[in-house]
Amino acid sequence: MFTGLVEYVGTIESLERPSGGARIRVNAGPLVDGLAKSGSIAVNGCCLTAVDISGETFAADLSGETLRRTSLGEMKPGTRVNLERPLTAMKELGGHFVQGHIDGVGRVARLDSEGANWWFGVRVPDGLARYVAMKGSIALDGISLTVAACHNDIVETAIIPFTYEHTNLSSLKVGDAVNIECDVLAKYVERMIEARQETTASRLSIAHLIEEGF
């Protein structure tokens, strides 16, 4: 579990692709000191397991599902990535509950300055727009952001100078891939409604209607 508050911007050192998966190595700078082998860390919002630690770098294995679901397979050496260690019991929850489970990959539609601030727009894939609500939470590349506008399939958020300077946003350009994690509450609410509808529908049958006198 994470908060969406980026602790450090690391860089990709390598991405090797053995058969069926990949291994990514990231320079995490001072964050390595608090990272243990087999521990979790969010890379651009995707929860990964550190399988090797050396100096200021860690390595993590990527499954085929992770490569299909996230932007990590597009990473190149030198790419800047947002890093966050897991939430602890005594840590301030300043963002929102972020699981590190990516729902899909969007594309940067705009990143425009507005005085000292920025407008960040991401085109979301089909099927994810229904989880987006005005003033609701969304994690983009692991950054906890508030939805400021949503039109067609583009989600827009307002970015303050601190967020722009202390995340990977300053290195993004239009068309770049962005990991999207929708608010987990929306997904559970949807599933509960679906389950209720399935239960109601299962009670309706010709035999049941006959028994009830119809």
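Entry 1: I looked up Met192 and found it exposed, at 55% relative accessibility. I note that the model is a predicted one. Met192 belongs to helix H3, residues 184–203. Together with Tyr188, Val189 and Ile193, Met192 forms a nonpolar surface patch with about 430 Å² of accessible area.

**Entry 2: Ser71.** I then turned to Ser71, which sits in the loop between helix H1 (64–69) and strand E6 (80–84). Is Ser71 buried or exposed? Its relative accessibility is 0%, so I recorded Ser71 as buried. Setting aside residues up to four places away in sequence, I listed Val105, Asp141, Ala177 and Asn179 as touching Ser71.

**Entry 3: nonpolar cores.** The largest nonpolar core has 22 residues, and Ile24, Val43, Leu48, Phe58 and Leu83 touch the most other members. I noted that strands E2 (22–27), E3 (40–43), E4 (46–54), E5 (57–62) and E6 each supply at least two residues of this core. I examined Val43 in particular: beyond its neighbours within four places in sequence, Val43 contacts Leu48, Phe58, Leu72, Val81, Asn82, Leu83 and Asn179. A second, separate core holds 21 residues, among them Val122, Val124, Ile159 and Leu169.

**Entry 4: cysteines.** I found 0 disulfides. Cys47 is partly exposed, with a relative accessible area of 30%. For Cys182, the closest cysteine sulfur is in Cys150, 10 Å away and likewise too far for a bond. Cys182 is buried, at 2% relative accessibility.

**Entry 5: salt bridges.** I counted 10 salt bridges. One of them pairs Arg85 with Glu7, with the closest N and O atoms 2.8 Å apart. This pair links distant parts of the chain, 78 residues apart: Arg85 lies in the loop between E6 and strand E7 (104–114), and Glu7 in the segment before strand E1 (8–16). I recorded Arg85 as partly exposed at 25% and Glu7 as partly exposed at 30%.

Asp61 and Arg23 form a further salt bridge, their closest N and O atoms being 2.7 Å apart. Asp61 is in strand E5 and Arg23 in strand E2, so the pair ties together parts that are 38 residues apart in sequence. Asp61 is partly exposed at 40%, as is Arg23 at 32%.

For the salt bridge between Lys173 and Asp176, I noted 3.3 Å between the closest N and O atoms. Lys173 is exposed at 54%, whereas Asp176 is buried at 19%.

How values were computed. Residues numbered from 1 in each chain as written. Predicted model: local features only at pLDDT ≥ 70, side-chain atom pairs only at ≥ 80, totals over all residues. Heavy atoms only, no water. Helix = DSSP H or I, 4+ residues; strand = E, 2+ residues; numbered from the N terminus. Buried < 20%, exposed > 50% of the residue type's maximum accessible area, 1.4 Å probe, protein only. Contact = heavy atoms within 4.5 Å. Patch = residues over 30% accessible without salt bridge, like charges linked within 9 Å, V, L, I, M, F, W, Y side chains within 5 Å. Areas by Shrake-Rupley, 256 points an atom, 1.4 Å probe, with all protein chains shown as cover. Salt bridge = Lys/Arg side-chain N within 4 Å of Asp/Glu carboxyl O. Core = buried A, V, L, I, M, F, W, Y, C linked by side-chain atoms within 4.5 Å. Disulfide = S-S within 2.5 Å.
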